[in-house]
Amino acid sequence: MNIAIIGSGNIGAELARKLSAAGHTVRLANSRGVESLKDITEDTTILAVAKEDVTRDANVIILSIPFARNPEAAALVAQAPVGAILVDTSNYYPSRDGRISEVENGKPETVWASEQVGRPLVKAWNAILSQTLVEAGAAPGTPNRIAIPIAGDDLTAKRVVADLVSATGFDTVDAGSLEESWRFQPGSPAYCTELTVEELEVALQKANKERSPLNRDAIMETISAGKVPMTRAAMAANNRQLSN
Ligand SMILES: NC(=O)c1ccc[n+]([C@@H]2O[C@H](COP(=O)([O-])OP(=O)(O)OC[C@H]3O[C@@H](n4cnc5c(N)ncnc54)[C@H](OP(=O)(O)O)[C@@H]3O)[C@@H](O)[C@H]2O)c1
């Protein structure tokens, strides 16, 4: 498959490594350009490209940029082949992204992102800590394999994305349509809590739309106050404790 990844940060770079290792042709772009991608692409089959060129010929395009920057991706998405599947990994953090009133008023984050880029999106890989993505992948069928939620309106697209998620080491649970994707936004029990398929199904049902943003902010406060060691285990445990 030809996979375009926009964003070469914690998530985008790791997805590029894993998906290229799984045999896909991966083109990676960021905002600074090809030179800045050398460290990531050296000794790999990942192709560093200018962002203006990254979506051409892609079967799947993964947007992995800060939430508020999604509008900037519209021009790149407009060049994408008609049948390409678009994936959004982003999460809204007002402390980083500024306040976006539509999202504050309850519009699911990826519905907003989809409106900004002008194409349907599948939401995936947003509810996994970057450290979990790097360290905790396992082969299909491994007992207690960690699962992550996905959502979207196109079943075929979701099946393709579920296979790609599996290639990166994780099971998936289909959380439903994009309108339902608030169930795994920051502060929800399904968000970055390292659950199995069975546990994740329960967590998605427990989600509370009004409480999640409050939980998100409470979690960020514990982190800013230095109360949570920045280890994967401590962050996942803190998320589990404060997301209800
Ligand atoms: N970190 C996590 O644990 C985690 C987990 C799950 C989901 N997420 C979400 O996934 C998204 C990416 O997270 P991250 O931690 O990987 O972010 P990050 O490390 O800050 O990387 C963001 C990347 O986006 C690129 N970028 C920004 N605007 C762009 C534009 N207009 N065109 C092309 N590239 C652009 C940046 O380019 P430059 O490198 O040139 O600056 C950078 O490579 C965020 O929305 C985040 O909330 C993060």
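The legends below describe close-up views of a predicted model.

Residues are numbered from 1 along each chain as its sequence is written. Local features need pLDDT of at least 70, side-chain atom pairs count only at pLDDT 80 or more, and totals for chains, interfaces and linings use all residues, while side-chain values use heavy atoms, with hydrogens and water left out.

**View 1. The open sheet has 6 strands in the order β3-β2-β1-β4-β5-β6.** The pairing in this sheet is parallel. Strands are DSSP runs of E with at least two residues, helices are DSSP runs of H or I with at least four, and both are numbered from the N terminus. Two strands pair if DSSP finds at least two bridges between them. β3 (47-48) and β6 (122-123) stand at the edges with a single partner strand each, so one side of each has no neighbour in the sheet. Strand β1 (residues 2-6) and strand β4 (residues 60-63) run parallel and are joined by 4 bridges. Within this pair, A4 stands opposite I61 of β4.

**View 2. Helix α1 (residues 10-21) packs on the sheet.** The helix touches β1, β2 (25-29) and β4, contact meaning heavy atoms within 4.5 Å. The direction of α1 makes about 165° with that of β2; axes are lines fitted to C-alpha atoms, for helices over the stretch in contact, and angles run from 0 to 180 degrees between N-to-C directions. From first C-alpha to last, the 12 residues of α1 reach 17 Å, close to the 16 Å expected at 1.5 Å a residue, where the expected span is 1.5 Å times one less than the number of residues. Of the 12 residues in α1, 9 are buried (under 20% relative accessible area; exposed is over 50% and partly exposed in between, with a 1.4 Å probe and protein chains only). Among the buried residues are I11, L15 and L19. The buried residues of α1 pack against β1, β2, α2 (38-41), β4, α8 (130-135) and α9. Just after the helix, G23 takes a positive phi of about 105°.

**View 3. Strand β7 (residues 147-150) pairs with strand β8 (residues 171-174).** The two strands run parallel and are joined by 4 bridges, and I150 stands opposite D174 in β8. The chain crosses from β7 to β8 through helix α9 (residues 155-167) in a right-handed β-α-β crossover, a term that applies if, with the strands pointing away from the viewer, the path from the first strand over the helix to the second runs clockwise. A147 and P149 point one way from β7, I148 and I150 point the other way, and all are buried.

**View 4. K158 and D174 form a salt bridge at 2.9 Å, N to O.** K158 lies in helix α9 and D174 in strand β8, so the pair ties together parts that are 16 residues apart in sequence. A salt bridge is a side-chain nitrogen of Lys or Arg within 4 Å of a carboxyl oxygen of Asp or Glu; by this rule the count comes to 14. K158 is buried at 6% relative accessibility, and D174 is partly exposed at 42%.

**View 5. R56 and D53 meet in a salt bridge at 2.8 Å, N to O.** R56 is partly exposed, with a relative accessible area of 42%, and D53 is also partly exposed, at 36%. D57, in the loop between α3 (51-54) and β4, has a positive phi near 65° and is not glycine. D57 is exposed at 59% relative accessibility.
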